[in-house]
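This briefing covers a predicted model. It goes through selected residues, helices, ring pairs and the ligand site in turn.

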Amino acid sequence: VRRTNPDAMAASGTWPAPEETPLLAETAVHVWRASLDLSPPRLADLAVVLDDEERARAARFHFEPDRRRFVAAHGLLRRTLARYLDVDPRSIRYQSGPYGKPSLADHDQLDLRFNLAHSGKIALVAVGIGREIGVDVELIRPDIVTLDVAKQFFAPGEVRALGSLPAAERTGAFFCCWTRKEAYIKARGEGLSAPLDSFEVSVRPVEPAALVWCAAGDEERVRWSLRALDVSSEYAGAVAAEGHDWTLFCWDADRWLI
Ligand SMILES: CC(C)(COP(=O)(O)OP(=O)(O)OC[C@H]1O[C@@H](n2cnc3c(N)ncnc32)[C@H](O)[C@@H]1OP(=O)(O)O)[C@@H](O)C(=O)NCCC(=O)NCCS
């Protein structure tokens with residue numbers, strides 16, 4: 001596997017598009033951004049790497065665009081993991097955590113951890129070594145942003161922070177808060193079993209992404225750290241990972257995974 005030195009490419013709002021697989025240090029988290037809007041040949045190329053279970057899930061979608069995006073996201077995930085592991089993407093086997101979080105069933109030597117998120121036409125794949133990771137991306141939909149919706153999903157302090165903002169800043173803050181919360185839940189792997197009001201994140205886009213309060217205690221805030229992702233003007237994103245000793249690198253997958 002040819003590798004580039006990522007030192008010059010730390011996340012800075014740009015998403016460089018390397019042709020080679022960047023070296024993944026233990027102190028790094030890599031987030032790959034990929035388009036799900038693919039040509040039929042590219043899609044066919046990804047469909048061939050899926051396993052029987054993924055094919056069966058794909059077949060259950062009622063709408064063709066949803067099926068295509070599922071195939072693209074899961075094909076891209078397999079190809080991404082295969083590059084780091086230096087294996088055939090078809091040989092990768094997953095196992096599920098108690099609330100459905102997928103992880104690698106084999107390849108323990110590298111202790112590669114990952115998480116996938118997809119929304120609209122974008123997928124993000126986050127990878128790291130030896131630390132749990134969660135990533136989220138959401139298409140920004142101003143129509144769903146109301147304080148009533150926030151009350152349903154956010155903690156009281158987050159709702160107050162959102163309510164105190166000028167209306168023009170609310171949509172951005174709503175999706176910042178949403179993706180930060182979701183990235184944390186996904187890192188913990190708890191899915192919908194996690195009470196969304198049992199922890200608070202920073203809400204405004206200008207604030208560094210952070211867990212600001214956890215009902216479970218301060219150990220949780222010490223255990224995890226969050227980073228906002230500058231995905232594009234149409235999408236909000238965030239990543240959460242164990243520890244505070246990691247550097248975020250963001251990459252565009254479109255050239256790398258051809
Ligand atoms: C399972 C869950 C992760 C799905 O989240 P989502 O936003 O619908 O979807 P995302 O694109 O972010 O992530 C989906 C991927 O995460 C992975 N995943 C599945 N279960 C997971 C879990 N328990 N933990 C972490 N990752 C999980 C899978 O790879 C999944 O891909 P697939 O559905 O194509 O198989 C779950 O956290 C959820 O439904 N959360 C919604 C909670 C909510 O209401 N949040 C409101 C805003 S805070």
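Leaving aside neighbours within four places in sequence, Glu220 is in contact with Tyr184, Arg188, Leu211 and Cys214. Glu220 belongs to helix α7, which spans residues 218–223. The points below start with this residue and then move on to other parts of the predicted model.

**Glu220**

- Glu220 counts as buried because its relative accessibility is 10%, and buried means under 20%.
- The side chain of Glu220 makes a polar contact with one of the residues it touches: the partner is the side chain of Tyr184, at 2.4 Å.

- Lys181 is located in helix α6, and its relative accessibility of 3% makes Lys181 a buried residue.
- Apart from neighbours within four places in sequence, Lys181 is in contact with Phe153, Phe154, Ala155, Glu158, Leu196, Phe199 and Val201.
- Two of these contacts can be described further. The side chain of Lys181 reaches the backbone oxygen of Leu196 at 2.6 Å, and Lys181 lies over the face of Phe199, 3.9 Å from the ring centre.
- Glu158, which Lys181 touches, is one of the buried residues of helix α5 (residues 156–163); Gly157, Val159 and Leu162 are the others.
- The cover over the buried residues of α5 includes helix α4 (147–153), helix α6 (167–188) and strand β9 (199–201).

**Helix α1**

- Helix α1 covers residues 40–47, and its buried residues are Arg42, Leu43 and Leu46.
- Viewed down the axis of α1, these buried residues fall within an arc of 100°, so they line one face of the helix.
- Pro40 and Pro41 are exposed, and they sit on the face of α1 turned away from its buried side.
- Helix α3 (64–85) is included in what covers the buried residues of α1.

**Aromatic rings**

- There are 12 aromatic pairs in the structure.
- The pair formed by Trp32 and Trp256 is stacked, because the ring centres are 3.7 Å apart and the planes stand at 10°.
- This pair links distant parts of the chain, 224 residues apart: Trp32 is in strand β3 (residues 28–35), while Trp256 is in the segment after β13 (247–252).
- Both partners are buried: Trp32 has a relative accessibility of 2%, and Trp256 has one of 1%.
- Phe174 and Phe175 form an edge-to-face pair, because their ring centres lie 5.2 Å apart with the planes at 70°. Phe174 and Phe175 are both buried.
- Trp32 and Trp256 also belong to a cluster linked by ring pairs, together with Tyr84, Phe249 and Trp251.
- A charge over a ring occurs at Trp246, where the charged end of Arg227 sits 3.8 Å from the ring centre.

**Thr247**

- Thr247 is part of strand β13.
- With a relative accessibility of 39%, Thr247 counts as partly exposed.
- Which residues does Thr247 touch, not counting those up to four places away in sequence? They are Thr27, Ala28 and Val29.
- Thr247 and Thr27 are 220 residues apart along the chain, and 6.3 Å separates their C-alpha atoms.

**Ligand site**

- There are 22 residues around the ligand, and those that come nearest are Arg57, His74, His118, Glu182 and Lys186.
- An N or O atom in the side chain of His74 is 2.6 Å from an oxygen atom of the ligand.
- For Glu182, a side-chain N or O atom is 2.7 Å from an oxygen atom of the ligand.
- For Lys186, an N or O atom of the side chain is 2.7 Å from an oxygen atom of the ligand.

Technical notes
Residues numbered from 1 in each chain as written. Predicted model: local features only at pLDDT ≥ 70, side-chain atom pairs only at ≥ 80, totals over all residues. Heavy atoms only, no water. Buried < 20%, exposed > 50% of the residue type's maximum accessible area, 1.4 Å probe, protein only. Helix = DSSP H or I, 4+ residues; strand = E, 2+ residues; numbered from the N terminus. Arc of directions from axis to C-beta. Contact = heavy atoms within 4.5 Å. Phe/Tyr/Trp six-rings, centres within 6.5 Å; stacked < 30°, edge-to-face > 60°. Lys NZ or Arg CZ within 6 Å of the ring centre and 35° of its normal. Near = heavy atom within 4 Å. Polar contact = N/O pair within 3.5 Å; in protein donor to acceptor, adjacent residues only side chain to side chain.
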